[in-house]
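Biologist: I am new to reading protein models. Could you walk me through this one, feature by feature?

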Amino acid sequence: MASFVFNEDGEFSVYCEPHPVMKMKVNVEEDASNSGEVKLDIAHYAFSEESMTISPGTVITWANQDSAQHNVAFE
Ligand SMILES: [Cu+2]
């Protein structure tokens, strides 16, 4: 499991260091409908969402469902 609090507005590119083909984009903008805590999965060598728009202050938690090790890194 990995969590990150997105406090700053902007577009963030997230990837998995051991498997750089695994990517997702996180857009942080005021008044986005997703806020609070967002839970995503990492399964079958992919993030469960390719992109996600969230409000500032949202916490995204990624839960790894694979037996392989993944991580969450920022470009
Ligand atoms: Cu990975």
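Predicted model: local features only at pLDDT ≥ 70, side-chain atom pairs only at ≥ 80, totals over all residues.

Biologist: Which residues are the protein donors of the copper ion?

Modeller: His70 is one of them, through its ND1 atom. Along the sequence, the donor residues follow the spacing C-x2-H-x2-M-x47-H. That pattern links distant parts of the chain: His19 sits in the loop between β2 (10-15) and β3, while His70 sits in the loop between β7 and β8 (73-74), 51 residues away.

Biologist: How do I read the geometry of such a site?

Modeller: Start from the ideal: four tetrahedral donors have angles of 109.5 degrees. Here the angles among the four donor atoms run from 93 to 130 degrees, and the site of the copper ion is tetrahedral.

Biologist: Now the sheet. What order do the strands of the open sheet have?

Modeller: The general idea is that strands of a sheet pair through backbone hydrogen bonds, in either a parallel or an antiparallel way. In this model, an open sheet of four strands runs in the order β1-β7-β4-β5, and its pairing is mixed. The edges are held by β1 (2-6) and β5 (46-47); each has a single partner strand, so one side of each lacks a neighbour in the sheet. Further in, β4 and β7 pair in the parallel sense over six bridges. For a spot to look at, find Asp41, which stands opposite Ala63 in β7.

Biologist: Which residues have the most contacts inside the largest nonpolar core?

Modeller: They are Met24, Val26, Phe47, Ile54, Ile60 and Trp62, in a core of 15 residues. At least two core residues come from each of β3 (23-28), β4 (37-43), β6 (51-54) and β7 (58-64). Take Val26 as an example: beyond its neighbours up to four places away in sequence, Val26 touches Phe6, Gly10, Glu11, Phe12, Val14, Met52, Ile54 and Ile60.

Biologist: And Lys25: where does it lie?

Modeller: Lys25 is in strand β3. Its relative accessible area is 35%, so Lys25 is partly exposed. Leaving out neighbours within four places in sequence, Lys25 is in contact with Glu11, Phe12, Ser13, Glu50, Ser51 and Met52. The C-alpha atoms of Lys25 and Met52 are 6.5 Å apart, although 27 residues separate the two along the chain.

Biologist: How many salt bridges does the count come to?

Modeller: The count is one salt bridge. In it, the side chains of Lys39 and Glu37 meet at 3.7 Å, N to O. Lys39 is exposed, with 62% relative accessibility, and Glu37 is exposed with a relative accessible area of 62%.

Biologist: Last topic: what should I look for in the backbone angles?

Modeller: Most residues other than glycine have a negative phi. Asp31 has a positive phi near 65 degrees; this residue is in the loop between β3 and β4, and its relative accessibility of 76% makes it exposed. His44 also has a positive phi, about 50 degrees. You will find His44 in the loop between β4 and β5, where it counts as exposed at 72% relative accessibility.

Definitions and conventions:
Residues numbered from 1 in each chain as written. Heavy atoms only, no water. Core = buried A, V, L, I, M, F, W, Y, C linked by side-chain atoms within 4.5 Å. Buried < 20%, exposed > 50% of the residue type's maximum accessible area, 1.4 Å probe, protein only. Contact = heavy atoms within 4.5 Å. Pairing = 2+ DSSP bridges. Donors = N, O, S within 2.8 Å, 3.2 Å for Na, K, Ca; no water. Tetrahedral: all angles 85-135°; square planar, octahedral: opposite > 155°, others 65-115°. Salt bridge = Lys/Arg side-chain N within 4 Å of Asp/Glu carboxyl O.
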